[in-house]
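I am opening a notebook on a structure that is new to me. The entries follow the order in which I looked things up.

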Amino acid sequence: MIKKILLLFILITLVSCNATKPIIVTTKKAPSKSKIATTAKKGYEKKTKTVRATAGKSSSKELNNSETEEIVSTSKTIVTNDVIVTYVSIFKDIAMGNMRNYGIPASIILAQAILESGAGKGNLALNANNHFGIKCHVGWTGESIRHDDDAAQECFRKYDNPSESFKDHALFLTGRSRYAGLFEFSKGDYKAWAKGLKAAGYATDPKYPDKLISYIERYNLHEYDNQVLDINYVSNEKQMITELTVESRNTIPKGLDSYVVQKGDTLYSISKKFELKIEDLKQKNNLSDNALSIGQKLVVK
């Protein structure tokens, strides 16, 4: 009897102990708020570094697009691609005007100007507005400048502004019989013109045609020939952006009766600013050609 009572007491004690023991739940512990915040911050920092690295690569690419090159003509000039693009945007209208008036491809005019003037940065271009390296020759009565070329202190023509140089280049080619054969070529065949100039004795450099063709094809100068000839003209998007930038800097208030010609102006650009036809602008100002001078006053209304 005593044994039974003792056994019953032990059973009651065991049951009461199990009833008070806590229950263990084996679920995954959620991360604390502080850890979530730390993780998010690390992710942001990593993303920032990636963006900076990408920006660095982009800058390197832009520098590659602006590589320097040496142009050797009457002087050695170091220029970047951006300088050449800007030069073309300034003088393309004059080149196209000369193509219409004299029959010389605009691409050839621009390529020769880039090469002969060092994209406007050569000594003759800066000191004499001579963009084609034209020497005085017999019969020149205008101003001149001395410059070392094939011989020491040779005589080169000096102009009041670059547009006079471009016009004189056109007159130089159209007024000499040895260049007459050039005008038998198609105005859209810039390769034939480049080789023809060398054959006619314009330059002694055997690589002269290749240099002209290289500039024409690298900077899409033949597009300006197509624009004048109205053949499959497709505007270069990058060039358009450059032109719009230049145009926005030169916006002219409406309502003016006259306009003073600034550096880089052409009849085409002025006609666009004042919504006039080129022929009307020429008629208002009794102009026989497209040549303009800096400081010249034009009637625009």
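Which residues does Asn130 touch, not counting residues up to four places away in sequence? I found Leu124, Ala125, Phe156, Arg157, Tyr159 and Ser165, with contact meaning heavy atoms within 4.5 Å.

Before going on, I note that this is a predicted model, in which local features need pLDDT of at least 70, side-chain atom pairs count only at pLDDT 80 or more, and totals for chains, interfaces and linings use all residues. Residues are numbered from 1 along each chain as its sequence is written, and side-chain values use heavy atoms, with hydrogens and water left out.

**Asn130.** I placed Asn130 in the loop between helix H5 (123-128) and strand E3 (144-147). Helices (H or I, at least four residues) and strands (E, at least two) are DSSP runs, numbered from the N terminus. Asn130 counts as buried because its relative accessibility is 0%; buried means under 20% relative accessible area, exposed over 50%, and partly exposed in between (1.4 Å probe, protein chains only). Its side chain reaches the backbone oxygen of Ile134 at 3.0 Å.

**Cores.** I next looked up the largest nonpolar core, which has 44 residues. Such a core is a set of buried Ala, Val, Leu, Ile, Met, Phe, Trp, Tyr and Cys residues joined through side-chain atoms within 4.5 Å. Ile84, Ile108, Ile114, Phe166, Tyr202 and Leu221 touch the most other members. Helices H3 (81-102), H4 (106-117), H6 (162-174), H7 (190-199) and H8 (208-218) each supply at least two residues of this core. H3 gives the largest share, nine residues. Apart from this core I found another, of 11 residues, including Tyr259, Val261, Leu267 and Phe274.

I also checked Ile108. Leaving out residues up to four places away in sequence, Ile108 touches Tyr190, Trp193, Ala194, Leu197 and Ile216.

**H3 against H6.** In H3, Tyr87, Phe91, Ile94, Asn98 and Tyr102 meet Pro162, Ser163, Phe166, Lys167, Ala170, Leu171 and Thr174 in H6. I sorted the residues of this contact into eight nonpolar, three polar and one charged. Here Ala, Val, Leu, Ile, Met, Phe, Trp, Tyr, Cys and Pro count as nonpolar, Asp, Glu, Lys and Arg as charged, and the others, Gly among them, as polar.

**Asn81.** Asn81 is in helix H3.

**H9.** In helix H9 (residues 222-229), I noted Glu223, Tyr224 and Asp225 as buried. Asp230 follows H9 and has a positive phi, near 60°.

Terms used: Polar contact = N/O pair within 3.5 Å; in protein donor to acceptor, adjacent residues only side chain to side chain.
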